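Below is a short report on one protein model. It covers overall form, surface and annotated spans.

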Amino acid sequence: MEVLLSISLIILAVTSTVKSCPPSDRAALLDFKAALREPYLGLLDSWTSQDCCQNWYGVSCDPSTGRVADISLRGESEDPIFEKSGRTGFMTGSLSPSVCKLDRLTTLIVADWKGISGDIPACITTLPHLRILDLVGNQISGMIPANIGQLSRLTVLNVADNLITGSIPASIVNLQSLMHLDLSNNRLSGPLPSDLGKLTMMSRALLSRNQLTGSIPSSLANIYRLADLDLSMNQISGPIPAQLGNMRVLSTLKLDSNQISGSIPASLFSNSGLSIINLSRNNLDGFIPDVFGPKSYFTALDLSYNNLKGAVPKSMSNAKYIGHMDLSHNHLCGSIPASSAFDHLDASSFTANDCLCGMPLRTC
């Protein structure tokens with residue numbers, strides 16, 4: 001009986017050893033905590049016990065190894081702690097390079113804290129198992145680490161709504177598993193990598209509200225899973241690649257508020273999957289392609305503030321649905337086609353053109 005009891009205690013001790021986090025992971029987390037200040041909710045006060053795999057807020061471990069696998073700290077959360085306090089989170093400080101010692105980390109989310117500043121630790125690119133890097137909604141500055149492409153398992157890269165500068169690293173095209181890319185609302189400059197189309201697993205590419213220059217890479221058309229492409233509010237120039245209209249999954253295309261020139265590729269409007277197109281506030285010229293048909297279904301179509309000329313295409317009257325449309329502030333002329341698809345539109349959709357007439361404007 002005593003032998004069996006001893007064996008049971010040994011097994012229990014081994015099991016406990018495997019499932020509790022090692023001292024090195026605990027020390028790394030405490031260094032990470034020391035660089036942060038969360039004054040209102042005391043979320044990180046739970047980071048005190050010996051086992052960081054048990055009841056440390058936002059920390060979870062791999063049950064088979066006991067190594068820290070996930071850090072998930074969101075300042076805008078549905079967690080009861082936030083709901084009870086009636087406030088969103090606020091945290092200051094910086095991201096300690098000590099996080100890079102957690103070499104089994106798969107998820108690093110430190111999002112929507114509003115006050116976290118400093119750089120993204122360059123050593124973050126040495127975490128071989130990292131799948132999610134989400135730092136949205138802080139005041140992080142500096143550059144995206146040049147070797148970001150080393151994170152071969154990364155599926156989500158979200159650093160939107162920060163103060164990040166510099167160019168998009170060339171190595172980003174090596175993130176072959178990347179599905180969601182959000183770099184929007186930063187201070188990124190320089191061109192888009194010409195071979196961005198290598199990211200064939202990507203479904204969302206959101207890069208709006210930066211200072212990006214150069215042209216739109218035609219290689220983007222190689223991303224057959226891409227559903228949302230947002231390059232709006234940058235300084236992008238050159239033409240719209242006609243190949244974008246051949247993307248079968250693409251449903252949202254936002255290129256507004258750039259310096260894009262040339263004509264609108266007909267392929268954009270003959271693609272029945274594209275339901276949101278915003279090309280407004282550019283330098284586009286030529287005619288609106290007359291290629292609309294019964295499968296054309298737009299929840300939003302905005303071509304305003306360009307240099308488009310000619311007539312409103314008659315084929316627009318064949319469209320199945322056009323929810324919001326804005327053709328204002330161009331050089332269009334002629335009569336607006338009579339169509340039930342336009343019945344809900346008011347004069348603001350057509351105003352400030354050279355000589356448009358017909359409902360909902362004055363009669364011809």
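What radius of gyration does the protein have, and what would a compact globule of 364 residues have? The protein has 26 Å, whereas a compact globule of 364 residues would have a value near 21 Å. The radius is taken over C-alpha atoms, and the globule rule is 2.2 Å times the number of residues to the power 0.38. Along the principal axes, the C-alpha atoms fill a box of roughly 100 × 45 × 40 Å.

This is a predicted model, in which local features need pLDDT of at least 70, side-chain atom pairs count only at pLDDT 80 or more, and totals for chains, interfaces and linings use all residues. Residues are numbered from 1 along each chain as its sequence is written, and side-chain values use heavy atoms, with hydrogens and water left out.

The protein has 4 helices and 23 strands, which are DSSP runs (helices H or I, at least four residues; strands E, at least two). Of the 364 residues, 50% are buried, meaning under 20% relative accessible area with a 1.4 Å probe, protein chains only.

UniProt, in an unreviewed entry, lists two domain features, tabulated here. Such annotations may be inferred rather than shown by experiment.

| UniProt feature | Residues | Helix | Strand | End C-alpha distance |
|---|---|---|---|---|
| Leucine-rich repeat-containing N-terminal plant-type | residues 23-62 | 30% helix | 12% strand | 15 Å |
| Disease resistance R13L4/SHOC-2-like LRR | residues 124-226 | 0% helix | 17% strand | 26 Å |
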